[in-house]
Each structure stands twice: as structure tokens, then as C-alpha cells.
Amino acid sequence: MMASSDVDIRGEASLFSDQNPSEMDALCPSPPGPSRPQRNYERIGERTGTSFCQTLIHLLKGNIGTGLLGLPLAVKNAGLVLGPISLLCMGVVAVHCMKVLVKCSHHLSAKINRPSLTYGEAVQYGMENVSWLRRHSQWGKHTVNLFLIITQLGFCCVYFVFLSDNIKQVVEAANATTFNCHMNYTNQTQVLVPSFDSRLYMLCFLPFFILLVFTPNLKYLAPLSLVANLVMTASLVLIYFYSLMNIPYPITLPKVGRAKDYPLFFGTAIFAFEGIGVVLPLENKMQKPQTFIPVLYLGMGIVTFLYISLGTIGYMCFGEHIGGSITLNLPNCWTYQAVKLLYCFGIFITFALQFYVPAEILIPPVVARVSARWERPVDLLLRSLLVVFTCALAILIPELDLVISLVGSVSSSFLALIFPPILQILVFHSEGLSPLSTIRNVVISLIGFVGFLTGTYIAIEQIIARNGQKETFSTYMVQ
């Protein structure tokens with residue numbers, strides 16, 4: 001899941017380019033100067049493209065965000081032992097699928113003499129490699145773009161819910177916030193002055209998000225984004241420190257969770273691991289693309305360690321009281337209230353980056369149909385409508401943990417687990433793909449599809465159940 005980053009976007013992105021936009025276009029611009037097909041596997045010039053360390057930093061930024069904060073609850077849904085083991089397995093599979101996507105992109109770009117491919121283009125040309133799918137290859141690209149749009153708008157919905165829940169909690173506890181960060185092993189932030197519903201907070205944030213996406217060029221957000229990166233990093237360090245120092249002993253938490261809750265774990269975990277959308281843009285922008293696989297292994301190794309450690313430590317610290325985000329369990333003192341506010345600031349700035357992908361896919365075709373004098377007003381109107389749409393979805397499902405699980409199950413499972421193995425079969429089926437590789441690809445895709453079905457069903461069921469409980473409670477209070 002993508003976090004805030006230093007934004008260095010090229011001037012005005014071409015709205016009518018054949019290349020599909022990616023959030024990483026906003027993170028690291030394409031290297032200047034000529035490039036050669038990927039079969040030569042090295043960029044011309046010694047100073048073009050991103051270095052090993054720069055790419056590693058971007059990879060970490062592209063995978064660490066709100067999903068990390070929801071993993072303690074995911075571990076609770078799976079169990080104290082089964083949860084970390086499942087996260088490790090999912091990390092291994094996710095990295096394998098990322099590597100498969102890069103390998104297929106290399107093979108196809110060399111085959112058609114293109115310097116690089118996007119995710120959608122890789123699927124499109126992969127389908128052209130199969131005679132009976134060739135006529136429908138454009139649908140492959142459109143399908144990937146559709147899931148990218150769903151995923152990114154889903155992230156934006158999560159941001160609305162995250163901000164409303166955390167800011168609401170800070171406001172409600174403001175009068176009793178102290179400098180004493182003691183531990184009482186319950187939901188740490190005590191609500192002393194109840195305020196209005198979290199959905200009203202979302203409406204309050206709506207104008208600010210609209211103004212944010214009106215930014216004509218994301219490079220103007222670069223200074224704020226850099227600050228956001230720093231404060232989010234500091235916030236994570238403080239969260240780790242507090243959770244690690246306050247684990248109660250003996251630990252009596254269940255080793256394995258309920259079977260019915262495991263699909264919720266799957267949705268949250270795959271939401272966190274869904275960084276596959278940044279893989280090809282990062283690899284395409286490297287000075288030495290042949291070093292990307294080591295970057296991938298190192299970066300995703302660090303990410304997997306962070307996910308497993310915070311998920312496990314957070315659950316051990318707060319136990320059955322763990323919230324949809326671990327920030328909701330932090331104590332009622334100024335230090336950790338500041339942590340919430342700082343992380344909210346980082347998430348707010350990140351909204352513009354997540355919004356970049358669906359906006360650049362959906363808006364240009366509409367703007368192209370109007371006269372020049374109406375282009376800017378129509379562009380701003382459509383941006384506003386997209387933000388209002390994400391806010392409306394968040395208002396309909398104001399449950400942070402269930403929104404994360406639903407987005408992960410519906411869209412991230414396809415992008416991270418289902419499409420890459422299928423793509424490898426399409427690309428290499430006529431070039432001696434081993435039966436073992438075929439079986440492995442089919443199994444991974446089936447796991448992703450089962451996770452999609454069960455995770456979506458359970459998340460929707462839980463959303464309906466919670467809304468029913470709220471309505472019953474409201475009716476009881478009125479009576």
C-alpha cells in the first residue's frame with residue numbers, strides 16, 4: 001500500500017499518451033535521453049534513471065501505508081501463530097508474482113521491440129500471444145486498468161475513513177489529554193466528550209480533498225510530501241516502541257483464529273501487500289534495470305518483516321481490543337495524539353498521489369471531447385465528482401477494518417495474485433513452460449480467486465451486520 005513520497009512529477013503529464021499513468025510517475029520521472037529495448041537491459045548514459053538506493057526507497061514508500069496499521073487486527077482474525085505464518089507465505093507469493101510480472105514484461109518488450117511496458121500493456125500483449133485471445137487483447141489492458149482504478153479509488157475511500165476515525169478520536173479526548181502515557185490494556189484513547197458521527201467528519205474533510213486534487217502539478221506538493229514522509233516514519237517508530245514496551249505477560253491470545261474471520265485477514269493482508277502496481281514503473285525508470293530483482297527481494301524482505309513484526313507486536317500489546325488501525329489504540333497523551341495527527345497529515349498528502357492514477361485514466365478522454373475553453377472547468381468538475389464519489393462510498397461503509405478488507409479482496413487480489421500467474425502462462429505457454437510452473441501458477445491464481453470470493457462475501461456480510469446493529473441501537477436510544 002503506497003505511502004507519502006517525495007513528488008517529482010514531470011511538468012504537465014501528457015493526457016493523451018498511449019502509456020497508462022501510474023502513481024510512480026509522480027514518484028520518479030522517466031529518465032531523460034534515449035532508451036533502448038529491454039533486451040539490451042541497460043539505459044544509455046551514465047547518469048540517467050534512478051539508482052539502486054533510490055529505487056529501494058521508492059519501493060518501500062510504495063508498499064508502506066495505512067495497510068500496515070491495520071495488520072494487528074488482521075493477525076487477530078487469523079490467530080497469533082497462524083497470522084504471522086500466513087503473512088510470511090503471502091509475502092513470498094506476492095514477491096514471486098512481482099518477479100513473474102517483471103519477467104513477462106522483459107520478454108514481451110524484447111519481442112515487440114519496446115523499451116518498456118505498463119501492467120495493462122503486458123497483459124494485452126500476453127493475450128496476443130494466444131491465437132484465440134488475440135482479437136480480445138484490448139480487453140486485457142482495459143481489465144487491468146479497471147482494477148487499478150478500483151484499487152486506487154478504494155485507497156482514497158480508506159483515507160477518508162482513516163482520517164475521520166482518528167481525528168474524531170483526538171477531538172473527543174482533547175479535554176482529557178495528558179502527558180501521562182500509561183498502559184491500561186484497553187482501547188487506549190478514552191472518549192470523554194462524544195462528538196458528532198464520523199461520517200460528518202468525512203464531509204468536513206471533503207472540500208479540503210477537492211482543493212488538494214486541484215493542484216495542477218504534483219511537484220508543488222513535493223515539500224509537504226517530504227515532511228509527510230519524515231513525520232510518518234517518526235510516527236511508526238513511536239508506535240513500534242510503545243507496542244513493544246507494553247506487551248502484557250503471560251500471553252493468552254488464541255494461536256488460531258476463527259475460520260469465519262480468516263477471509264477478513266486475507267483481504268487486509270493483500271491490501272497491504274498490493275504494491276505490484278509500482279513494480280514495472282520503478283523497474284522501467286532504473287538506470288540499470290538488471291539490478292531490479294535484488295532491489296525487489298531486499299525491499300519486499302524489509303516490508304514483509306515490518307508487516308509481520310508490527311502485526312504480531314500490535315496484537316500482542318492490545319489483544320482483543322485492537323482496532324481497525326493500531327493508531328486508534330494509542331494512549332490518551334499528547335505524544336501519541338500527536339502521532340495520530342502527524343500520520344493523518346501524511347495520509348492527507350498521499351491522497352493526491354493515489355488519486356493521480358484514476359484521474360489520469362478517466363478524465364482525459366472526457367476532456368478531449370470538449371472545446372479548449374471548457375477543458376479546465378470540465379477537468380476540475382470531474383476531479384470534484386471523483387472525490388465526492390469516494391467520499392460517498394466511505395460514508396456508506398464507515399468501518400475502517402471492513403473497508404480495507406473489502407478493497408483488498410475485490411481488487412488487490414486480482415492485481416497481486418490472479419493476473420501475474422495467468423500472464424506467465426499466456427506468455428510462455430508455447431516456449432516450454434514446465435508443468436510444475438503451470439501447476440504453481442494455477443494454484444496461486446485459484447488461491448487469489450477463492451480469497452476474492454470469500455473475502456468479499458464476509459466483508460459485505462459484516463458491513464450489513466454492523467449497519468443493522470447500529471440501526472437497532474439508534475432505534476433503542478430514540479425509544
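Q124 counts as buried because its relative accessibility is 7% (buried is under 20% relative accessible area, exposed over 50% and partly exposed in between, with a 1.4 Å probe and protein chains only). Keep in mind that this is a predicted model, where local features need pLDDT of at least 70, side-chain atom pairs count only at pLDDT 80 or more, and totals for chains, interfaces and linings use all residues. Numbering runs from 1 along each chain as its sequence is written, and side-chain values use heavy atoms, with hydrogens and water left out.

**Around Q124**
- Q124 sits in helix 5, residues 119-128 (helices are DSSP runs of H or I, at least four residues, numbered from the N terminus).
- Setting aside neighbours within four places in sequence, Q124 touches S137, Q138 and K141 (contact means heavy atoms within 4.5 Å).

**Helix 1 against helix 11**
- Helix 1 (residues 52-63) packs on helix 11 (residues 292-318) at about 40°, axes 9 Å apart (axes are lines fitted to C-alpha atoms over the stretch in contact, and angles run from 0 to 180 degrees between N-to-C directions).
- Residues making this contact include F52, L56 and L59 of helix 1 and V295, L298 and Y307 of helix 11.

- Mean pLDDT is 83 for the protein, and 84% of its residues reach 70 or more (pLDDT is the predictor's confidence in each residue, from 0 to 100).

Technical notes
Helix = DSSP H or I, 4+ residues; strand = E, 2+ residues; numbered from the N terminus.
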